[in-house]
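Good morning, and thank you for joining. I would like to present one structure today, beginning with a pocket and ending with a pair of helices.

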Amino acid sequence: MSHNLQIWHPFTQEALDPAPIRITRAEGVYLYTDDRRRLIDAISSWWVNLHGHGHPSIVAAIAKQAAKVDHILLAGFTHEPVEGLRAALQKILPAGLSHIFFSDDGSTAVEVALKMAVQYWQNVGQPGKRSIVALEHAYHGDTVGAMSAGDDSDFTSPFRSLLFPVHRVHSAYCYRCPVGKMRATCDIDCLAKLKSLLAERQSEMAAVIVEPLLQGVGGMIVHPIEFLQRIRRLCSDHQVLLIADEVLTGFGRCGKMFACEIAGVAPDLMCLSKGLTGGVLPMGATVCTSDIHKAFVGRDHSHTFYHGHSYTGNPIAAAAAAASLKIFESEPVFERIAAISRIHCQRLAAIREHPAVGEVRSIGTMAAIELKADDPGYASKLRPKLYKFFIEAGVLLRPLGNIVYVLPPYVISPDELNYVHDRIAEALDRCAQ
Ligand SMILES: Cc1ncc(COP(=O)(O)O)c(C=O)c1O
């Protein structure tokens, strides 16, 4: 008996959203459709692609590796690609991070970090330290643990009953300051809640998790550098672990290899994914300090980190990741990033006073425009109008409700990037109120 199997697309409301666009080829910054159009991938296909689609050295590394060792389990085994990747990451990760645990994607990298933090305190004889602290507007992924750390939203509300409680503290969302201050004169007063929580209840707190400097899904919110630096200090002062979720911000997105580097901050745990493989194959990783790792080593089996996914450390993904990191050495990647950043700043300065614009924000390769809206948030009625307008103009942009942002592959040319910004300027006149 035949049956009809359909693809259920992610983050899609079939009854409202347009039908999926069929892509037949992806090259550089372009996606080619089956009806002979091309779209500039101005969001790097959900923030993963770094060096353009189909980069020949990544493609070659994948083909070569697939022919040698396709996949083997990482428990009790190791292989050259994962060791090569470890060596490449060692050169760029903040000092102090000594052990890397592989997983599948950003959500699982976060799950691993949360579980490591909680078990760490058990292993060192402080089992009472098991609560997680997270920020307002946070997003850490769609699995249940990652959703628990993420802020309450339309995305998570159906699953409230499944989520574990976390302590929610203010984010430095300066445009909508949670404590009613102005950045020019404030003393990062939004940190007061975290400060008192850690001072009063440090014996219960396992870790604070943050998206360093840039909260992505929550609205492309750019934090002052001091916000992250002071969170680091508070965590150290109160013996609470700091988890930096660099799933979005890692690998150059914010202007340096990692956002933590910009703030001169060393976290205790760091989550990586998205750009790790250049945006070509799924892979996640959680990196931790030797102090944390040491607590899991001993003759007592109960100290073991019993966690692992079937595809952990996949050799082909590891080969792609190593090839992507090599491109940082062989091509002027940080010059490209700086050029994107300059164009973003110029173009945002030009539209900041537009009557439809609430605030503009940028960091590294990310530029965001928060539009004024009576219905701010992901469900804003502006979102479908803007999405349709951009697609018809040949640009893939997926506004987060009333927030339009650009986050392109680093190989986008100035002309292409200016074309994207021109379309945004046009959209402000046509679609916004
Ligand atoms: C900061 C952050 N953490 C975690 C995730 C989850 O990553 P994934 O979608 O690969 O599970 C995302 C995804 O957007 C993210 O932005």
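The lining of the largest pocket divides into 18 nonpolar, four polar and five charged residues. Please bear in mind that this is a predicted model.

How much space lies in the largest pocket? The volume comes to about 1000 Å³. In total, 27 residues line this pocket, and those closest to its centre are T12, P20, I21, Y387 and R398.

Which elements of secondary structure supply the lining? At least two residues each come from β1 (23-27), α1 (44-47) and α12 (382-392). Of these, α12 gives the largest share of the lining, with five residues.

I now turn to the helix pair. In general, two packed helices are described by the angle between their axes and by the distance between those axes. Here, helix α11, residues 333-351, packs with helix α13, residues 414-430, at an angle of about 20 degrees, and the axes are 11 Å apart. Because angles under 35 degrees count as roughly parallel, α11 is roughly parallel to α13. The crossing of these two helices, α11 and α13, is right-handed.

Which residues meet in this contact? On the α11 side they are I340, I343, H344, R347 and I351. On the α13 side they are P414, L417, N418, H421, D422, A425 and L428. By class, the contact of α11 with α13 has seven nonpolar, three polar and two charged residues.

That concludes the presentation, and I welcome discussion.

Notes
Residues are numbered from 1 along each chain as its sequence is written. This is a predicted model: local features need pLDDT of at least 70, side-chain atom pairs count only at pLDDT 80 or more; totals for chains, interfaces and linings use all residues. Side-chain values use heavy atoms; hydrogens and water are left out. Axes are lines fitted to C-alpha atoms, for helices over the stretch in contact, and angles run from 0 to 180 degrees between N-to-C directions. Helices (H or I, at least four residues) and strands (E, at least two) are DSSP runs, numbered from the N terminus. Angles under 35 degrees count as roughly parallel, over 145 as roughly antiparallel, 65 to 115 as roughly perpendicular and the rest as oblique. A crossing is left-handed if the near helix is turned anticlockwise from the far one by less than a right angle, and right-handed if clockwise. Contact means heavy atoms within 4.5 Å. Ala, Val, Leu, Ile, Met, Phe, Trp, Tyr, Cys and Pro count as nonpolar, Asp, Glu, Lys and Arg as charged, and the others, Gly among them, as polar. On a 1 Å grid over the protein atoms alone, a cavity is a set of points where a 1.4 Å probe fits but cannot get out, and a pocket is an open set with protein on both sides within 12 Å along at least five of seven lines; lining residues have an atom within 4 Å of a point. Grid points are joined across faces, edges and corners, and a volume is the space filled by probe spheres set on the points.
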